[in-house]
Amino acid sequence: MKQIMRERQLEKLANIPFVTGKQKGHRVEQNLFTSRDWTGSRVIAVTVSKPPEIDTWGIVKRGWEEGKRMVVPRCLPKTRGMDFYALSDFGELEQVYYGLYEPRNGEAEPISLDQIDMMIVPGLAFTTGGYRLGFGGGYYDRILTGYKGTTISLAVDEQLVEEIPVESFDLPVQKIITESGIIHCGD
């Protein structure tokens, strides 16, 4: 069921015209940058995006410009866990499996979960209750069980769905920021 949903969602996102997608992404960014969560956070964790995700390269640059510590994960495929590292230069990234960009081993400062103020959690589809359909690896499901800070996801309106199959280990994000505004999940 989840895999079929992922395929449908990827197809839906692929059908958004390029220019429309760029404009939607820009509005999502603006809603993020003016949110209290962004302005009140000093250490922000975010994955380095690849299509069809909201482009986070500009979000990382904006964080640097504002003096924030931008932190990115490195996946640990054997345990399906993640370690987080402070990123100070895009040159510290390397391309790994599935075309993902992650911090190169040994080049960035490790950051513990309790140092991260806000975590931007990726996904393909979201309910207004904060449940998400991820990319299928379960990495964020594992990491969120031990994370106590703010969790938000970035999405275009087309990523909002009525229902997602929820399993016992799935944890909702607290907020979803779209081009239309901020959804406070669970309210």
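**The cavity and its surroundings**

Reply: The count comes to 1 cavity of 30 Å³ or more, a cavity being a set of points on a 1 Å grid over the protein atoms alone where a 1.4 Å probe fits but cannot get out. Keep in mind that this is a predicted model, where local features need pLDDT of at least 70, side-chain atom pairs count only at pLDDT 80 or more, and totals for chains, interfaces and linings use all residues. Residues are numbered from 1 along each chain as its sequence is written, and side-chain values use heavy atoms, with hydrogens and water left out.

So what does that cavity hold? About 120 Å³ of space, with volume taken as the space filled by probe spheres set on the points, which are joined across faces, edges and corners. Its lining (residues with an atom within 4 Å of a point) includes Val-46, Ile-120, Leu-154 and Glu-53. By class there are 6 nonpolar, 5 polar and 1 charged residues around it; Ala, Val, Leu, Ile, Met, Phe, Trp, Tyr, Cys and Pro count as nonpolar, Asp, Glu, Lys and Arg as charged, and the others, Gly among them, as polar.

Val-46 sits in β1 (43-46), while Ile-120 belongs to β7 (118-120) and Leu-154 to β10 (150-154). (Strands are DSSP E runs of at least two residues, helices H or I runs of at least four, both numbered from the N terminus.) β7 and β10 run parallel, joined by 3 bridges, and Met-118 has Thr-150 as its bridge partner in β10.

Both strands are part of an open, mixed sheet of 8 strands, ordered β6-β3-β2-β1-β7-β10-β11-β12, where pairing takes at least two DSSP bridges. On average, neighbouring strands here are turned by 30° against each other, direction ignored. Helix α2 packs on this sheet, touching β7, β10, β11 (175-178) and β12, with its direction at about 130° to that of β11. Helix α4 (57-65) packs on the sheet too, touching β1, β2, β3 (81-87), β7 and β10, at about 140° to β2. Contact means heavy atoms within 4.5 Å; angles run from 0 to 180 degrees between N-to-C directions of lines fitted to C-alpha atoms, for helices over the stretch in contact.

Now for the pockets, open sets with protein on both sides within 12 Å along at least five of seven lines. Glu-53 lines the cavity and is also among the residues nearest the centre of the second largest pocket, along with Gly-21, Lys-22, Pro-52 and Asp-55. That pocket holds about 510 Å³ and has 20 lining residues, the largest share of them, 6, coming from α2.

The largest pocket has about 820 Å³ of space. It is lined by 38 residues, with Phe-135, Gly-136, Gly-137, Gly-138 and Tyr-139 nearest its centre, and its lining has 23 nonpolar, 5 polar and 10 charged residues. Helices α1 (2-14) and α5 (139-144) are among the elements that each supply at least two lining residues there, and α1 does that for the second largest pocket as well.
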